[in-house]
Each structure stands twice: as C-alpha cells, then as structure tokens.
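Please keep the sequence and the coordinates open while I talk.

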Amino acid sequence: GKSKKAFEPPKSTKALLKPYQLSGVQWLQDLFRLRLGALLADDMGLGKTLQTLTFLDDLRSKNELGQVLIVVPSSLIFNWLQERAFGEYYRKIKIN
C-alpha cells in the first residue's frame with residue numbers, strides 16, 4: 001500500500017507527542033474521514049486526553065470542527081483541565 005505522510009500537530013499544539021500518540025491521532029483522523037466514531041481505551045497515563053485534544057485542535061485548524069460530545073467519568077475532568085495548558089486552542093475549550 002501507499003505510505004501516508006506522518007501526522008504533524010497544528011502549530012497551536014504546544015505539547016510534544018510521543019510517536020504512539022501521533023499514531024493515535026492519525027487513527028482518529030482516519031476514522032473521522034470515514035465518518036466513523038471512535039473509542040479510546042488503554043492503560044491509564046498513555047495520553048488519550050492529549051491525543052483527543054490534539055485531534056480536535058487539528059480539525060479546528062482546518063476549519064472542520066463542528067460540535068463534539070465527549071463523555072468521560074467526572075473523575076477525569078481535572079485531567080482535561082490540566083491538559084488544556086498544552087495548547088492555545090485547548091484553553092478555549094469549554095468543559096462542563
């Protein structure tokens with residue numbers, strides 16, 4: 001098959017993503033292009049929040065971001081608030 005260009009986070013993303021996190025964002029993009037949903041589930045601490053925020057930031061930077069519903073346990077709200085420090089766009093996300 002053809003090799004794809006590696007995912008590059010938008011300039012507004014200040015975090016340094018690990019290679020497996022970049023692959024995770026690419027996977028989210030692939031599913032988005034196919035109009036499929038996604039469920040990220042793995043061990044704690046591997047960066048699901050950061051991958052999701054980077055994916056949304058990338059959509060925003062391409063003017064492709066619509067409304068998004070993300071469901072997480074209330075115990076993770078603090079994590080989301082902490083991760084917002086990694087990007088200019090992240091801080092603008094309203095978290096309820």
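In this protein, residues 24 or more positions apart account for 62% of the contacts with a separation of 6 or more, where a contact means heavy atoms within 4.5 Å. This is a predicted model, so to speak of its local features we need pLDDT of at least 70, and side-chain atom pairs count only at pLDDT 80 or more, whereas totals for chains, interfaces and linings use all residues. Residues are numbered from 1 along each chain as its sequence is written, and side-chain values use heavy atoms, with hydrogens and water left out.

On confidence, pLDDT is the predictor's own score for each residue, from 0 to 100. The mean for the protein is 81, and 82% of its residues reach 70 or more. Among the elements, helix 1, residues 19–33, has the highest mean pLDDT at 92, while helix 3, residues 77–83, has the lowest at 74.

As for the elements themselves, there are three helices and zero strands, in the order α-α-α from the N terminus on; helices (H or I, at least four residues) and strands (E, at least two) are DSSP runs, numbered from the N terminus. The protein has 96 residues, of which 32% count as buried, and here buried means under 20% relative accessible area, exposed over 50%, and partly exposed in between, with a 1.4 Å probe and protein chains only. The protein exposes about 7,000 Å², with carbon and sulfur atoms supplying 57% of that area; the areas come from the Shrake-Rupley method with a 1.4 Å probe, and for residues only the protein chains shown count as cover.

Let me turn to helix 1.

R35, in the loop between helix 1 and helix 2, has a phi near 60 degrees, a positive value in a residue other than glycine, and at 65% relative accessibility R35 counts as exposed. N63, in the loop between helix 2 and helix 3, also has a positive phi near 60 degrees, and N63 is exposed, with a relative accessible area of 73%.

Finally, the largest pocket has a volume of about 920 Å³. Of the 38 residues that line this pocket, the closest to its centre are L40, K48, T52, I70 and W80. Helix 1, helix 2 and helix 3 are the elements that give two or more residues to the lining, and helix 2 gives the most, with seven residues. On a 1 Å grid over the protein atoms alone, a pocket is an open set of points where a 1.4 Å probe fits, with protein on both sides within 12 Å along at least five of seven lines, and lining residues have an atom within 4 Å of a point. Grid points are joined across faces, edges and corners, and the volume is the space filled by probe spheres set on them.
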